[in-house]
Amino acid sequence: MQRRDFLGVAGAAGALALAGCEAPLTPIDGGFTGIDVARGHAMRDGALKSQAPITMKRTRVVIAGGGVAGLAAARALRLSGIEDFALLELEDTPGGNARSGIVNGIACPLGAHYLPVPNDDAREVQDLLEELGLRRRVSGRWEYDERHLCHSPQERLFFRGEWQDGLLPMHDVGESTHAQYRKFAQRIDALQHAAHFAIPTLKVALTPELLALDALPFERWLDSEGFSDAQLRWYLDYCCRDDYGAGMEQVSAWAGIHYFASRHGFHAPGSSGSGADSTPERDGVLTWPEGNGWLTQRLAAPLGDRLRTGQVVTRIAELRGGVEVDAWDAASKSMVRWQAERCIVALPVFIAARVVENAPAVLANAARHLRYAPWLVANVHLRGPLADRSGAAPSWDNVVFGTRGLGYVDARHQDLDPTPRGTVISWYRPLGPSRYDAADGRRVLLERPWTAWRDELLAELSVPHPDLPALATRIEITRYGHAMAIPTPGLLAQMGAAHGGRVAAGRLSFAHADWSGYSIFEEAFTRGHVAGMGVA
């Protein structure tokens, strides 16, 4: 562990030498991509607000923000028979944190890369999947198209010098660790029966039981319950960083438990199957080479010229007879004023609070209490397949125990052609408050050159893959300064007024995963759907 920590911060040459890996055959090309930082900061700094609109446009509904929530709102408007709307998106492509890119001809995710098969609480998402042909009813039962379900093997962990199946540390751990795994599984099962955990959260009442868990940091709750095992705590911290961008000392006990209890619980090894070393059946996951960009591309496709990209929304104002939305158009480099009956504000809450004039109390309160995790995604093109260590076979999700990153997914894992050839791996690196405070994490994300992230990635992944530097040809890095809301202790209680159902004030409706206190596809999509359906 001390050696790996050193590798994470050492320079490229020294780190790669210590890792015993092969030197690159040629220099690795790369750089930052996917996010127009200057465009976003022009909105933040107010540099565009002084520009007077030179063009006026009218529509019935303006949707500000083209992430998953904004795209879902547009779909809901169309389902309601409303075709007269405009969707304004900051970046050059819609999708928010669920966009995709192409590196050396291979599609890959720029952010979110999977969608768990939704349960019946997420009926809006189920309906979308049916619409897209991903699920259908066969002999009275719902079946999912197996081409889009994650192929086996699904996930593995590099732990104590070899790959093992699954992400829960298992290799050569003692009986005391297994006992804690079983105890945690029993505790999650009991909580599932005692309280309602569901996705999306807007369909769950904030009961005293949930608010009590919300008030505590997850780490403190684990201490109080006697969960002290190092392997279990690493895994739980990994899960928090994976879904929330921050460690278990930063997220609430509600969030840490919700991760498991809102789906299918926590299964201790040996609790199912035929033997003590058996691995429990994993939940179904939908995934694509381009990640959730596969979904957002299909949500955007029917919108045509109603989708306006490169639009920096600088002002949203509710007037007596409607709303005004000012947006700087990157193509014409001019300000456009939109006049509409209503506006669906599908922006992150911290941005909405800056651009909505006379922000209503529900928005101002949410902005005061939400904190965000910085994040980066690095897509690495490899000229050929990686050599492998002993143990479990190459998987879709590949995680290295004890590292700062969250491992990598392989864009070719869903490919039905088994011929070995080049691929793209996507490496995920949160910079949440578990190491930096959020502001410092954003500064590091903005100021470090792309080569520093290249060196950290190569050092981390060269531990299981010494040949990675020699195979890498290009690395493209996408930075998210405010990637996701962190479900900090007390957030559910503070956001209580916005927790259930549609969030609206006058002619404005608010739709974003932020209103759920954390960021996943199901929350964003449902919030957008509810907002769109609420437009009369």
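Reader: Which residues of helix α8 are buried?

Author: The general idea comes first: an α-helix has 3.6 residues a turn, so residues three or four places apart point the same way. In α8 (residues 218–225), the buried residues are Phe218, Trp221 and Leu222. They line one face of the helix, because they fall within an arc of 100 degrees when seen down the axis of α8. The arc is taken from the directions from the helix axis to the C-beta atoms. Buried means under 20% relative accessible area and exposed over 50%, with partly exposed in between (1.4 Å probe, protein chains only). Helices are DSSP runs (H or I, at least four residues), numbered from the N terminus.

Author: The model is predicted: local features need pLDDT of at least 70 and side-chain atom pairs pLDDT 80 or more, while totals for chains, interfaces and linings use all residues. Residues are numbered from 1 along each chain as its sequence is written, and side-chain values use heavy atoms, without hydrogens and water.

Reader: Which exposed residues does the face turned away from the buried side of α8 carry?

Author: That face carries Arg220 and Ser224.

Reader: How is the packing of α8 and α9 described?

Author: Two packed helices are described by the angle between their axes and the distance between the axes. For α8 and α9, the angle is about 155 degrees and the axes lie 12 Å apart. Axes are lines fitted to C-alpha atoms, for helices over the stretch in contact, and angles run from 0 to 180 degrees between N-to-C directions. The two helices are therefore roughly antiparallel, a term for angles over 145 degrees.

Key: Angles under 35 degrees count as roughly parallel, over 145 as roughly antiparallel, 65 to 115 as roughly perpendicular and the rest as oblique.
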